[in-house]
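Welcome, and take your time with this one.

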Amino acid sequence: MPVYEYECPACEKVFEMQQRIADAPVEICPECGGPVKKLISMSSFQLKGGGWYADGYSQTSGGAGKNGSSGTAKTPTPAPCQTGESCKSCPAATSSS
């Protein structure tokens with residue numbers, strides 16, 4: 001079940017409630033009985049590592065090419081501007097158009 005975070009503006013209490021997605025949001029503070037607002041907080045769920053997408057399931061149905069690559073050419077990324085000037089004067093910006 002997801003954990004939702006709420007804040008009471010009256011007593012400044014922040015609390016969490018474990019609720020089903022179908023449950024109605026909490027409207028009353030358990031401390032002072034004032035109205036609460038639902039907070040949007042960072043999720044504790046993170047995807048790390050290579051995972052299934054990087055392990056080969058993202059390749060086309062033909063598999064790897066003749067030289068072991070997937071057949072997609074990577075375009076080189078220009079280095080970030082070190083001069084501190086605007087992009088109009090940047091050689092990387094003018095040569096890639």
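A residue is called buried if its relative accessible area is under 20%, exposed if it is over 50%, and partly exposed in between, using a 1.4 Å probe and protein chains only. This is a predicted model, in which local features need pLDDT of at least 70, side-chain atom pairs count only at pLDDT 80 or more, and totals for chains, interfaces and linings use all residues. Residues are numbered from 1 along each chain as its sequence is written, and side-chain values use heavy atoms, with hydrogens and water left out.

**The overall layout**

The protein chain contains three strands and two helices, and from the N terminus on they follow the order β-β-β-α-α. Both kinds of element are DSSP runs numbered from the N terminus: helices are H or I with at least four residues, strands are E with at least two. Of the 97 residues in the protein chain, 9% are buried. The chain exposes about 8600 Å², with carbon and sulfur atoms supplying 55% of that; these areas come from the Shrake-Rupley method with a 1.4 Å probe, and for residues only the protein chains shown count as cover.

**The hairpin and its neighbour**

Strand E1 (residues 3-7) pairs with strand E2 (residues 14-18) in the antiparallel sense, over five bridges. Pairing requires that DSSP finds at least two bridges between two strands. Within this pair, Tyr6 faces Phe15 of E2 from the opposite position. Six residues lie between the strands of the hairpin, and Glu12 has a positive phi near 60° there.

Leu39 belongs to strand E3 (residues 37-39). Although 35 residues separate Leu39 from Tyr4 in sequence, their C-alpha atoms are 7.5 Å apart. Beyond its neighbours within four places in sequence, Leu39 is in contact (heavy atoms within 4.5 Å) with Glu5, Tyr6, Glu7 and Val14.

Which side chain does Gln19 join through a polar contact of 2.8 Å? The partner is the side chain of Tyr6. A polar contact is a pair of N or O atoms within 3.5 Å; within protein, one must be able to donate a hydrogen and the other to accept it, and residues adjacent in sequence count only if both atoms are side-chain atoms. Gln19 sits in the loop between E2 and E3, and its side chain also reaches the backbone oxygen of Ala24 at 3.1 Å.

Val26 touches Tyr6, Phe15, Met17, Gln19 and Val36, leaving aside neighbours within four places in sequence.

| Residue | Relative accessible area | Class |
|---|---|---|
| Cys8 | 0% | buried |
| Gln19 | 8% | buried |
| Leu39 | 25% | partly exposed |
| Cys32 | 42% | partly exposed |

The structure holds zero disulfides, a disulfide being a pair of cysteine sulfur atoms within 2.5 Å. Cys8 is in no disulfide, and its nearest cysteine sulfur is that of Cys32.
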